[in-house]
Amino acid sequence: MADTARTHHDVTGRDQYPILGRDRDQYPYGRSDYQMSSQDYSKTRQVAKAVTAVTAGGSLLVLSSLTLVGTVIALTVATPLLVIFSPILVPALITVALLITGFLSSGGFGIAAITVFSWIYKYATGEHPQGSDKLDSARMKLGGKAQDIKDRGQYYGQQHTGGYGQQHTGGEHDRDRTRGTHHTTTTT
């Protein structure tokens, strides 16, 4: 029972070499050689990781440079063609853009119209779609204002036409009408 304390390195190092047996003391070259080979293994592993990273990074760098060169070559070849065909391509692109815009806007207006017609149908059949209470409130307010304007028009029409020789002069009549008193002004 010479050494009972085990470090993390001892426990993981033993599992990395299953050929050597479960007990690290059975290693034929001694304990110091075992620790040296474990350090060599971790260095080898780090070197393998670095080589893999350099290989992957280098291949991706080569691929990106080939893509850049291909793009430059394609642009060099395509530029004269674009200049030659621009009197045809530009109007064609404008036409296609206008067609797409027209179809999308007509579709949007169609969907909006269907939605509005559906809402009106639901409202007319007695269902209460969303917002119908606000519409009813606005209709009542508008009806009240229309009735008020009609009453004022009749009142001012009687005053102006002078059914009894009265003529509307303004000012006092508006104020008095809201109070409920009526003053008549006669002109000679």
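Analyst: Val69 lies in helix 2. A helix here is a DSSP run of H or I with at least four residues, a strand is a run of E with at least two, and both are numbered from the N terminus. The model is predicted, so local features need pLDDT of at least 70 and side-chain atom pairs count only at pLDDT 80 or more, while totals for chains, interfaces and linings use all residues. Residues are numbered from 1 along each chain as its sequence is written, and side-chain values use heavy atoms, with hydrogens and water left out.

How open is Val69? Val69 is partly exposed, with a relative accessible area of 46%. Buried means under 20%, exposed means over 50%, and partly exposed is in between (1.4 Å probe, protein chains only). Areas come from the Shrake-Rupley method with a 1.4 Å probe, and for residues only the protein chains shown count as cover.

Val69 also belongs to a nonpolar surface patch of about 860 Å². Patch residues need over 30% relative accessible area and no salt bridge; nonpolar side chains (Val, Leu, Ile, Met, Phe, Trp, Tyr) are joined within 5 Å, like charges within 9 Å.

Now the record. An unreviewed UniProt entry places the feature "transmembrane region" at residues 50-76 and 88-121. UniProt positions follow the numbering used here, feature names are shortened, and annotations may be inferred rather than shown by experiment. In the model, residues 50-76 are 100% helix and 0% strand, with end C-alpha atoms 39 Å apart. Residues 88-121 are also 100% helix and 0% strand, and their end C-alpha atoms lie 49 Å apart.

Helix 2 covers residues 31-124 and holds both Trp119 and Tyr123. They sit 4 residues apart, about one turn of the helix. The chain has 2 aromatic pairs. One of them joins Trp119 and Tyr123, which are stacked: 5.4 Å centre to centre, 5 degrees between the planes. Rings of Phe, Tyr and Trp (its six-membered ring) pair if their centres lie within 6.5 Å; planes under 30 degrees apart are stacked, over 60 edge-to-face, and the rest tilted. Trp119 is partly exposed at 27%, and Tyr123 is partly exposed at 24%.

Next comes helix 3, residues 132-161. There are 2 salt bridges in the chain. A salt bridge needs a side-chain nitrogen of Lys or Arg within 4 Å of a carboxyl oxygen of Asp or Glu. Arg139 bridges to Asp136, with the closest N and O atoms 3.8 Å apart. Both lie in helix 3, 3 residues apart. Arg139 is exposed at 51%, while Asp136 is partly exposed at 24%. Asp148 meets Arg152 at 3.7 Å, N to O. These two are 4 residues apart in helix 3, so about one helical turn separates them. Asp148 is partly exposed at 32%, and so is Arg152, at 38%.

Step back to the whole chain. There are 4 helices and 0 strands, in the order α-α-α-α. Of the 188 residues, 9% count as buried. The accessible surface comes to about 15400 Å², and 67% of that belongs to carbon and sulfur atoms. A contact means heavy atoms within 4.5 Å. Among contacts with a separation of 6 or more, 13% join residues 24 or more positions apart.
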